[in-house]
Amino acid sequence: MKISFELDGKETTVDVPPDRPLRDVLRNECEARSVKSGCDSGRCGSCTVLMDGEAVKSCLVLAGKVDGRTVSTVAGIEEGSLGHDIQDAFEEHAAIQCGYCAPGFVLSAVSTLADDPEVDRADLREALAGNACRCTGYEKILDAVSDVAGEAGDTEAGND
Amino acid sequence: MSADTDEMDYYTPESIPAVQRRLATTDGFTKVLAGGQTLSLLVRQGLVDADALVDVGEVPELSGVTVSDDSAEIGATTTYAALRADALTDRIAVLDDACSVVGDRQVRTMGTVGGAVCHADPALDVVAALLCLDARVTVGSVAGRRSVPIEDFLVGHMRTDLADDELLESLTVAVPGAQSGTAYEKYAPVETTWATVGAATWLTIESGEITDARVALTAVGDTAVRSPGVESALVGETASQSTLAEASERVVEDIDPIDDGAASAAYKREIAPTIVERSLAQSLERAGESR
């Protein structure tokens with residue numbers, strides 16, 4: 001089946017069986033290797049991408065589903081965007097050790113902050129619960145994303 | 001490529017009649033695909049090898065909530081996230097509770113309520129919530145439409161009453177009134193994972209007396225199950241913590257757990273009364289709140 005979608009701003013067409021996991025199609029046909037493969041069962045979140053702006057686990061999305069949609073990975077994050085702020089915060093807070101989970105975390109954070117720019121730490125913890133990290137113990141990741149959320153809150157307050 | 005015998009057909013009809021015509025006319029094993037959060041795993045494990053997939057995600061009238069006075073109709077492809085965001089779940093706490101503990105944010109974005117009911121895994125939280133709300137399942141085919149109580153729709157472990165050419169269109173649930181409170185309590189060893197035991201409850205309190213009680217459980221039988229034992233022990237009694245605790249013990253009469261990935265049957269049996277009691281306590285508290 002021919003499946004066309006926008007991947008990180010580029011029109012992309014692949015010819016794959018529609019029941020292939022999107023993650024495999026992204027990593028193989030599209031060579032989007034920032035999309036990681038972890039548990040292969042929808043638990044770890046390392047294959048998280050944005051589909052029409054919402055974080056989804058690409059191992060749980062059948063390829064046929066993305067026809068006509070947009071898919072974003074960390075490779076498409078632009079300078080000056082929310083995603084870039086989150087990446088910077090990960091660096092500042094040392095929220096990365098091995099880094100394998102980071103693309104998924106960054107995209108889940110983008111989706112969460114896009115919905116609620118001033119999300120509090122408790123809600124953030126819940127929003128990021130679908131992403132597993134085996135190095136950092138999560139607190140530094142929460143520190144990093146909270147920092148970006150805090151800045152949004154500060155900016156808002158400053159404008160009042 | 002279409003001559004390739006391994007090639008799977010993939011359809012994206014845009015209306016309910018178009019889905020039903022497709023289901024009526026497609027040869028071979030045809031599977032309806034909604035959010036795919038459970039189906040994709042079955043496909044990968046080789047447990048579902050369909051000749052055709054009918055993706056119902058593009059059918060607008062299958063998604064969304066319609067509320068009338070004391071009942072609400074939930075479209076089959078309404079996602080957990082959409083249902084939580086809908087004003088309906090402010091009025092039905094048990095649905096909000098259950099939708100909030102399903103999987104994680106990513107899964108709730110894609111996963112649908114109708115998909116859960118059709119998948120009929122007894123460990124799916126929202127199914128027990130729907131059972132507690134006396135949900136009716138509306139299914140339709142080119143031959144017509146029928147409405148079935150969810151208890152009859154769930155016929156066994158991951159088995160439903162849905163015929164091959166039928167589509168689950170919507171679920172109709174009771175909306176609790178001012179004197180009622182509802183809740184869903186889940187125990188799982190790890191946040192975001194499958195329930196060891198879950199309990200959906202509904203209590204109606206009039207002048208301090210329990211006049212209606214509904215208890216439905218997750219992951220303790222072939223399907224989500226009601227507990228008539230607990231329900232009958234509650235109705236007519238004075239609403240108090242001790243009444244709830246005593247009645248909750250009777251849940252063991254109505255459950256038949258098996259060892260599963262979450263826990264042993266013995267462990268489920270051990271903790272079920274506690275989970276039911278916690279859920280009932282929450283429902284009682286909520287029944288007291290003015291809404």
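Me: A charge sits over a ring if NZ of Lys or CZ of Arg is within 6 Å of the ring centre and within 35 degrees of the ring normal. Over the face of which residue does R214(B) lie?

Reply: This is a predicted model, in which local features need pLDDT of at least 70 and side-chain atom pairs count only at pLDDT 80 or more, while totals for chains, interfaces and linings use all residues. Residues are numbered from 1 along each chain as its sequence is written, chains are lettered from A and ligands numbered from 1 in the order in which they are written, and side-chain values use heavy atoms, with hydrogens and water left out. At 3.8 Å from the ring centre, R214(B) lies over the face of W202(B).

Me: Which three residues supply 26% of the area that chain A buries against chain B?

Reply: Buried area is the accessible area (1.4 Å probe) that two parts lose on being put together, summed over both. Chain A and chain B bury about 2,400 Å² between them, with 52% of it on carbon and sulfur atoms. More of chain A's share than any other three residues give comes from L60(A), L62(A) and K65(A).

Me: Which residue meets K65(A) in a salt bridge?

Reply: A salt bridge needs a side-chain nitrogen of Lys or Arg within 4 Å of a carboxyl oxygen of Asp or Glu, and the rule finds seven of them across the interface of chain A and chain B. For K65(A), the distance from N to O is 2.9 Å, and the partner is D55(B).

Me: How many residues apart are K2(A) and D15(A)?

Reply: The side chains of K2(A) and D15(A) also meet in a salt bridge, at 3.8 Å from N to O. The pair links distant parts of the chain, with K2(A) in strand β1 (residues 2–7) and D15(A) in strand β2 (residues 10–15) of chain A, where strands are DSSP runs (E, at least two residues) numbered from the N terminus. Their separation is 13 residues.

Methods. Helices (H or I, at least four residues) and strands (E, at least two) are DSSP runs, numbered from the N terminus.
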